[in-house]
Amino acid sequence: MSSMVPDQYQSASEIAELVTTGEISAIEILERHLNHIEQYEKDVHAFNLVTIDEARAAAEETDKLIAKGERVGPLAGVPVAVKDNLCTEGIPTTASSKILEGWKPPYDATVVKKLKEAGATIVGKTNLDEFAMGSSTENSAFGPTRNPHDLSCVPGGSSGGSAAAVAAGFAPIAIGSDTGGSIRQPASLCGVVGVKPTYGGVSRYGLLAFASSLDQVGPFATSVKDAAIVHEVIGGYDPLDSTSIKQTSNSFLEVLDKDISTLKVGVISELMGGIDGITREVIEQANKAVSVLSAAGAQVEEISLPAALYCLSAYYLIAPAEASSNLSRYDGVRYGLRIDGANLNEMNVNTRTEGFGDEVKRRIMLGTYALSAGYYDAYYGKALKVRRLLAENFAALYKEYDVLLSPTSPCTAFKLGEKVSDPMTMYVNDVCTIPSNLVGHPAISIPFGHGQDGMPIGVQILAPPMKEPVMYQVAHTLEMAAQ
Amino acid sequence: MMSEPISPEEVAHVAYLARLRLTEDELSRFTEQLGAILNHAEDVEALELDDTEPMSHPLPIENTMREDTPSPMLKPSDFLPEAPAVEDGRFLVPKILGEEP
Amino acid sequence: MNQEIFKDNWELIVGLEVHTELATKTKLFCGCLNQFGNEPNTNVCPVCLGLPGSLPVVNEIAVYFAMQLGRALHCSVNRSVFARKNYFYPDMPKDYQISQYDLPTNLEGYLELPSGETIGIERAHIEEDTGKTTHIGTSGRISGADYSLVDYNRAGVPLIEIVSKPEIRTIEQAKAYVSELRGIILALEISDAKMEEGSIRVDANVSVREIGENDLRTRCEIKNVNSLKSLGRAIEYEANRHIGLYKNGESPRQETRHWDENAGRTRSGRSKEDAEDYRYFPEPDLVPLNPSEETITKIDQEMPELPSKRREKLANLTGVKPSDVALLVERNHDVFALDVIRRGGLPDQVVKHLVNNLSAGLGELTAESLAQLVQMENKSEITSTQAKKMLGELVQRGGTPAELATELGFEAIETNEIENLVDQLINQHSDEWERFCSGDTKVQGFFVGQVMKATSGQADGKLINQILNERSTSK
Ligand SMILES: [Zn+2]
């Protein structure tokens, strides 16, 4: 097994502190990371594009501000890798699709703007499953990303490039998007921390939509604290996103170190053996996490989330339905790929047939079908009802429990090519993560032990909407125990 | 044996609606794969959902609006260079068959 | 045509869908200027260009306008949810249109026509406009074009679509419905409502059935109607087409058809393959609108006086039928008319002048001068022909009617002068006079004409007739 993972990570908070106090320059930090990328990127392929020139200019700008004694943000000099489905002004944004190859947006996503304002150095655009549809990053039009822990394995997906970039030490922080687990599952498979914030907690403006009512942008980091810091930077109300939440919660860091002895934790039995396909070693690690929390004084009980059994079905109707509409605009008229045709319709068809990969086509067709006349009630309508049922399940549980716990991914990283031929097998990877997306709740995956193959295993903490502080608090407790 | 929830004809129609062209091979492969996914989705039939309100959105918020005040606009040079074909500051498309819906 | 329909026992059924562009400063979902006539693709941003990653945010004034119109049409204003209407067309930057579907802002109202009849309103919902496609090629028409060019300046402009129930039964009603709706929109000042410029667009759902039938037959949706006149022609053509098909034992197919003004006919639009399946679903990028009771109460309280109310008011004061003052209200001349009447103008004559003798605006005309003009006419100081001429002058350059009459030499001719003229004519044309006296009224015009000729049209026609009648009976 060839591992590309460094022995030790330098945290974002440490880098920001060193840069802000002038002990080390932002450009020095950047060059160190660029060197590392230079050395290992050809094996990992975490990036669609490393933006060396722009990164150097940004780092120099940060250094200038510091030299002048001006205030810099909490991510001063911190290299950040951004998933290639977030718009970056003047820098190609492709969603790893041929249909958008080379497209340069005329604007920055709100998240990107906030990162820049916080002093971060954006080092590049990371690889993903085309339009974030997948769980292995094998659906990228520009080739797969590999897991830095074992190059023969997938990093998970769809934010596989971001997870791999952090795991490989290319950047201490990466940004991803999570529609059905696309941050947490790759975080789990790559042994890093990954967070899906409350829906509406982080602006989606500038995120290339996959499924608008499920998509949420969030951070990857090497520690819970770093993730919380980045979450604070990118979060908050955005007038450009109608689904953004106006009231902002308190600092995510305030209660990070507080003991958890007053908390009640529910363990989702359906995801601890109740549903087939979740491996024993993963469940074992989750049980170890339970012991840690009990030992720390939390009251831990097994609970039932009955609607969890139907989440996969609901998700694979709702997400494709929204996607089928969101991806209509890629028609060869205004930007991106055009394959000519004798008339408009032929041009549309040629462009989309050539420009989209199989998984994207599959989901567009599935979603089109689910919404079409005569099938809406049977498929899409019913899926929306399952979603309500799930929300009611959660609401009842959160009357009693502060957070819930489950595994993140049903298994450790699998081999490249192992699951590509059967979509259903691939979809099952999302079974533990999907519930949070359907109801818009926050969840975090933190590394917690390894499988027999030596690959990382993650544990997931779920919390009620806007209750990220307690989620980070519990995750931090587990993190301390894992080290 | 499971019922076939979607026929090749339906897949072909859906592909047409989505502006996608499928080869014969793709048509049979996608029919089978979409069928498997839809079959899996049949498991929700076990649920009693008649009295459940559909939930299209995770947030209960309402009335998010903006003031009627202008904000900066783009210049044609910001986006026209990205277009596949342009004439006189406008996006050029091939001949359109049929009137607008 | 209506007679023809009745003769054949056919009944016309029309429902209208009226789109009106709202006169907001900015577009419906972004801060781009809602402005007509700029260079192509200059009033655009990532949102209205449908760039990947962009998101819509609703313009509160557009929503307010929609609710105002809803209340003016006696609709209930409801919690509403935006929905996506999915179809591919290049003038739609996202290849879906954000509209409202099963939960529109306004539901179930009615519109009162000047005749007093009411037409039910099914709904009035908010949606975004499309861009503009120009077809380049020899014909300029879409079918003969070599290629097309798209400008997105109009994309995202706020629209309200007002859908009537299929309760319109005549072409006159259809026209009256559109004018009345226009009047309401203008009174609310929510749109400039110019049909020729496309800020009001009308689609007509037309079907026919035999009188006595209860069910509706297949309807066709007629688009591309650019004036009230073409609306009438299009409905007439389409209804006759349907009747023709039924008479031949055929039936029309439910479809969208386009009115071709030059050819005077409707044409079938799209291929059958495109059977409408818009896959509506709730727009996940927007949240529901749920106006408070207070907002709706405020709208009701601040409602300007609407045309029906103004007609009623004017009719009550003048004794003229509401339907006869409709045009006056439509032209916004009712307040002026009331002013003229207050200053002593006789109501029915004031209304007559304003309705019949005023082609453009009021210009320099003041309430006082019109009141005086009407009084002069009433006292026979001037003839009605002269009054009409003077009205035109007063509109153009102002002034007082008394001065103007002197300037134009419009002083009434003495009665005895006309009597002399009549007597002369009787002597010169004894044959015609005999015929007149024996009851041949055709020659009456001859005598009146001769007197008019001799007085350069300044004689009062009524007076001439009166003298002629006196002379014939005293003969
Ligand atoms: Zn705009």
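## A salt bridge within chain A

A:E354 and A:K98 form a salt bridge, with 3.4 Å between the closest N and O atoms; the term covers a side-chain nitrogen of Lys or Arg within 4 Å of a carboxyl oxygen of Asp or Glu. The two residues are 256 apart and link distant parts of the chain: A:E354 sits in helix α10 of chain A, and A:K98 in the loop between β2 (79-83) and α4 (110-117) of chain A. Helices (H or I, at least four residues) and strands (E, at least two) are DSSP runs, numbered from the N terminus. Over all chains, the rule gives 50 salt bridges.

## About the model

This is a predicted model, in which local features need pLDDT of at least 70 and side-chain atom pairs count only at pLDDT 80 or more, while totals for chains, interfaces and linings use all residues. Residues are numbered from 1 along each chain as its sequence is written, chains are lettered from A and ligands numbered from 1 in the order in which they are written, and side-chain values use heavy atoms, with hydrogens and water left out.

How does the predictor score the complex? The ipTM is 0.96 and the pTM is 0.90. Chain C has an average pLDDT of 89, and 95% of its residues score at least 70; pLDDT is the predictor's confidence in each residue, from 0 to 100.

## Where chain A meets chain B

Let's turn to the interfaces. Chain A brings 63 residues to its contact with chain B, and chain B brings 52, where contact means heavy atoms within 4.5 Å. The size of an interface is often given as the accessible area lost when the parts come together. Here about 5200 Å² is buried, and carbon and sulfur atoms give 67% of that; buried area is the accessible area (1.4 Å probe) that two parts lose on being put together, summed over both.

B:E45 and A:K382 meet in a salt bridge through their side chains, at 3.4 Å from N to O. The interface of chain A and chain B also has 21 residue pairs in polar contact, both residues being at pLDDT 80 or more. A polar contact is a pair of N or O atoms within 3.5 Å; within protein, one must be able to donate a hydrogen and the other to accept it, and residues adjacent in sequence count only if both atoms are side-chain atoms.

On chain A's side, the elements giving two or more residues are α9 (311-326), α10 (344-355), α11 (358-371), α12 (377-398), α13 (423-427) and α14 (434-439). The biggest giver is α12(A), with 10 residues. Sorted by class, this side of chain A has 32 nonpolar, 19 polar and 12 charged residues. In that sorting, Ala, Val, Leu, Ile, Met, Phe, Trp, Tyr, Cys and Pro count as nonpolar, Asp, Glu, Lys and Arg as charged, and the others, Gly among them, as polar.

## Where chain C meets chain B

Chain B also touches chain C, in a contact that takes 61 residues from chain C and 36 residues from chain B. The buried area is about 4400 Å², with 59% coming from carbon and sulfur atoms. How many salt bridges are there between chain C and chain B? The count is 1: C:R79 pairs with B:E62, and their closest N and O atoms are 2.7 Å apart.

From chain C, β2 (58-59), α2 (60-72), β8 (132-136) and β9 (147-151) each supply at least two residues to the side that touches chain B. Of the elements there, β9(C) gives the most, with 5 residues. Two strands pair if DSSP finds at least two bridges between them.

## The sheet in chain C

Chain C has an open sheet of 9 strands with mixed pairing, in the order β3-β6-β7-β10-β1-β11-β12-β13-β14. Its edge strands, β3 (76-77) and β14 (265-268), each pair on one side only. Within the sheet, β12 (residues 220-225) and β13 (residues 255-260) run parallel and are joined by 4 bridges. C:E221 has C:T256 in β13(C) as its bridge partner.

## Two backbone details

A cis peptide bond joins A:G157 and A:S158, with omega at about 5°. A:S158 is in the loop between β3 (121-126) and α5 (160-167) of chain A. In chain C, C:R279 has a positive phi of about 45° although it is not a glycine, and C:R279 lies in the loop between β14 and β15 (281-282).
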